Amino acid sequence: MQLIQPDAAVRDAQGGNKENTMIRIYNTLTRRKEDFVPIKDGRVSMYVCGPTVYNYIHIGNARPMIVFDTVRRYFLYKGYKVDYVSNFTDVDDKIIREANEEGKTAKEVADFYIAECKKDMESMNIMPATANPQATQEIDGMISMIETLIEKGSAYVAKDGTVYYRTRSFPGYGKLSHKNIDDLEAGHRDIKVTGDDKEDYLDFVLWKPKKEGEPSWQSPWCDGRPGWHIECSVMSRKYLGDTIDIHAGGEDLIFPHHENEIAQSEVANGVPFAHYWMHNGFLNIDNKKMSKSLGNFLLVREILKRYNGDVLRFFMLQAQYRSPLNYSEDLMESAKNGLIRIRTCGDRLKDLIASASEMEMSEEEDELLDTTKEYVEKFEDAMDDDFNTADAIAAIFELVKFANTSLDSDSSTQMLMAVFEKLERMMGVLGLQFTIDHDDLDSHVEELIEKRQQARKDKDFALADKIRDDLLNEGIELMDTRDGVKWKRI
Ligand code: AMP
Ligand code: ZN
C-alpha cells in the first residue's frame with residue numbers, strides 16, 4: 001500500500017480555514033463539548049497513552065492510534081502545528097512475565113514488540129509521533145518528580161521502600177472520572193490488607209521495590225522500578241510542558257490511570273495538567289471489550305493478512321470515536337467495499353482528467369462547482385463537531401455521488417481537477433488515499449466473481465444477482481463471455 005506521507009498532510013493544511021470555525025471537543029473533565037482554544041496560538045500539544053509492549057498490538061489498541069492520528073491530521077488541515085507525543089510502556093509485570101516465559105530479558109521483549117508495533121502503525125498509516133518516549137529511558141525524571149511529591153507532602157515512603165501517593169491530600173481527586181473519594185473508600189474499606197503499611201486504601205504506588213529477576217534502578221528509597229501512572233506525568237511534562245492542550249487514550253484509562261496522572265502532575269507542577277481530556281470508546285467483539293486479558297482479541301497482524309491497513313482504518317473511522325464499535329466481518333467487508341466505491345470514483349476522475357478535451361471551466365460548471373462547497377462544509381462541520389468521522393465520511397460519499405452523476409467526458413479539466421482535489425484532501429484528513437491500488441481492486445473483483453460462479457453452480461441465483469448488482473454499485477460491470485466472466489470499470 002502506498003502511504004500518505006506526513007508532509008502531504010501538512011501540505012493539505014493549506015486547505016484549512018481555521019479562522020472560520022472552531023473545533024469543538026468533548027472534554028471528559030467537564031462532560032461537555034467545548035470550543036478548542038490552544039495554549040499557544042496555532043499550535044496543539046497532544047499526549048496519547050500508548051501500549052504496554054508485551055505482545056503484538058490488537059485492533060482494540062489500534063483504535064486510539066487511528067482516531068487520535070485522525071484528530072492530529074484534522075488539526076493540521078486547519079492550519080495548526082501539532083506536537084504529538086505517545087509513549088511505550090516498556091517496564092511492567094506483564095512484560096517481565098513474558099520475558100521469563102520466553103527466556104529473554106524484559107528489554108529484549110519490549111524492544112521487539114516496539115519495533116513490531118511501529119510496523120503495524122505504518123500499515124495503518126499512522127503518522128510518526130513527534131516523540132515516542134519509553135518509560136525505561138526516563139527514570140531520572142520519575143525519581144525527580146517523586147522527590148517533589150514527597151517534599152510537598154503528597155507522597156510518603158513505606159517501610160519496605162515503596163513510595164505511595166497520598167491520594168486524599170489532593171483535593172481535586174476524582175474530578176476527571178467524576179467519582180466521589182468517599183464512595184471509593186467505602187467500597188473498599190472491608191478489604192484492607194493487613195500488614196500493608198499504606199496509610200489509606202486509595203493511595204497508589206509511585207515507586208516499588210525490586211523483586212528477584214526483575215529489572216530495577218537505584219533510587220533514594222530502594223532499588224526498584226516506577227509505578228505505571230508516574231511514567232506519563234513525567235514524559236508528558238518533559239516533551240510537551242507542564243500544561244498541555246490535549247491528553248488522550250481509551251476510556252478504560254480514565255480511572256485510575258488518568259485520575260492519578262492529574263493528581264501527580266498538578267501537585268508537582270502547580271498548574272492544570274491538560275485542558276482537554278479525550279477518550280475513545282471501546283472496540284468490542286460480541287459486545288465485550290476486546291482485551292488481551294479476556295483473550296478475545298484479534299491482532300492487527302492477523303487482520304493485515306486479510307485486509308489492507310487502510311480498510312481497518314476506514315472501518316474504525318466509520319464510527320464517531322466516543323461510540324462503542326463492534327467488530328464484525330460484515331462491517332469490515334462493507335468498509336472494504338465503501339473504500340473501493342470512493343476510490344473507483346478517484347480513478348474515474350483521473351481517467352477523465354487525462355482525456356478531457358476542454359481545459360477551462362464553463363460558466364455552468366462554475367455554478368455547479370459552487371454547489372459542491374456544501375459537501376466540504378458538511379465534512380468540516382462534522383469534523384469540527386468533536387471529530388465526527390462518521391458524518392464526515394457520509395459527506396465524502398455525497399460528493400462521490402455528485403462526481404459520479406454530474407461529471408463525465410464533457411467536463412473540463414479544471415472542473416474535474418477541482419472536485420478531485422476536494423475529495424483527495426478530505427480523504428487525506430482521514431489518512432486515506434483517494435485513488436485505487438490496482439492490485440487490491442483486481443483481487444476484490446476476482447474474489448466476488450468466484451463467489452458469484454459458486455452461487456450459480458449452487459443455483460442460488462438471488463445471491464449471484466446480488467453480487468453482480470453490488471459490483472455495479474461500486475462502478476464495476478461484469479460481462480459473461482464465452483471465455484468466462486470479464487469485468488470493466490464504468
Ligand atoms: P494497553 O496496552 O492495554 O495499556 O492499551 C493501550 C491503549 O489502547 C490505551 O489507550 C487503551 O485504552 C486502548 N485500548 C485497549 N483496548 C481497547 C479496546 N478494546 N478498545 C479501544 N481502546 C482500547
Ligand atoms: Zn498514560
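This is a predicted model: local features need pLDDT of at least 70, side-chain atom pairs count only at pLDDT 80 or more; totals for chains, interfaces and linings use all residues.
Residues are numbered from 1 along each chain as its sequence is written, chains are lettered from A and ligands numbered from 1 in the order in which they are written, and side-chain values use heavy atoms, with hydrogens and water left out.

Ligand 1 is surrounded by 18 residues, of which T52, G250, D252, L283 and M290 are the closest; a residue is near a molecule if one of its heavy atoms lies within 4 Å of it. By class, this shell holds seven nonpolar, nine polar and two charged residues (Ala, Val, Leu, Ile, Met, Phe, Trp, Tyr, Cys and Pro count as nonpolar, Asp, Glu, Lys and Arg as charged, and the others, Gly among them, as polar). Helix α2 (59-77) and strand β9 (244-250) each supply at least two residues of the shell, and the largest share, three residues, comes from α2. Helices (H or I, at least four residues) and strands (E, at least two) are DSSP runs, numbered from the N terminus.

Several polar contacts (pairs of N or O atoms within 3.5 Å) involve ligand 1. A nitrogen atom of the ligand is 2.7 Å from a polar backbone atom of L283. Oxygen atoms of ligand 1 lie 3.1 Å from a backbone N or O atom of T52 and 3.3 Å from a polar side-chain atom of N61. Of the 490 Å² of accessible area that ligand 1 has on its own, the protein covers 91% (Shrake-Rupley method, 1.4 Å probe).

Ligand 2 is a zinc ion, with C49 (SG), C232 (SG) and H257 (NE2) as protein donors at 2.1 to 2.2 Å. Donors are N, O and S atoms within 2.8 Å of the metal (3.2 Å for Na, K and Ca); water is not among the atoms, so sites may look incomplete. Along the chain, the zinc donors follow the spacing C-x182-C-x24-H. Because C49 lies in the loop between β3 (43-48) and α2, and H257 in helix α8 (residues 254-269), the pair ties together parts that are 208 residues apart in sequence.

Helix α8 also contains P256, which is joined to F255 by a cis peptide bond with omega about 0 degrees. In the loop between α4 (106-123) and α5 (139-151), N125 has a positive phi, near 60 degrees, in a residue other than glycine. Most residues other than glycine have a negative phi, and most peptide bonds are trans.

Definitions and conventions. A polar contact is a pair of N or O atoms within 3.5 Å; within protein, one must be able to donate a hydrogen and the other to accept it, and residues adjacent in sequence count only if both atoms are side-chain atoms.
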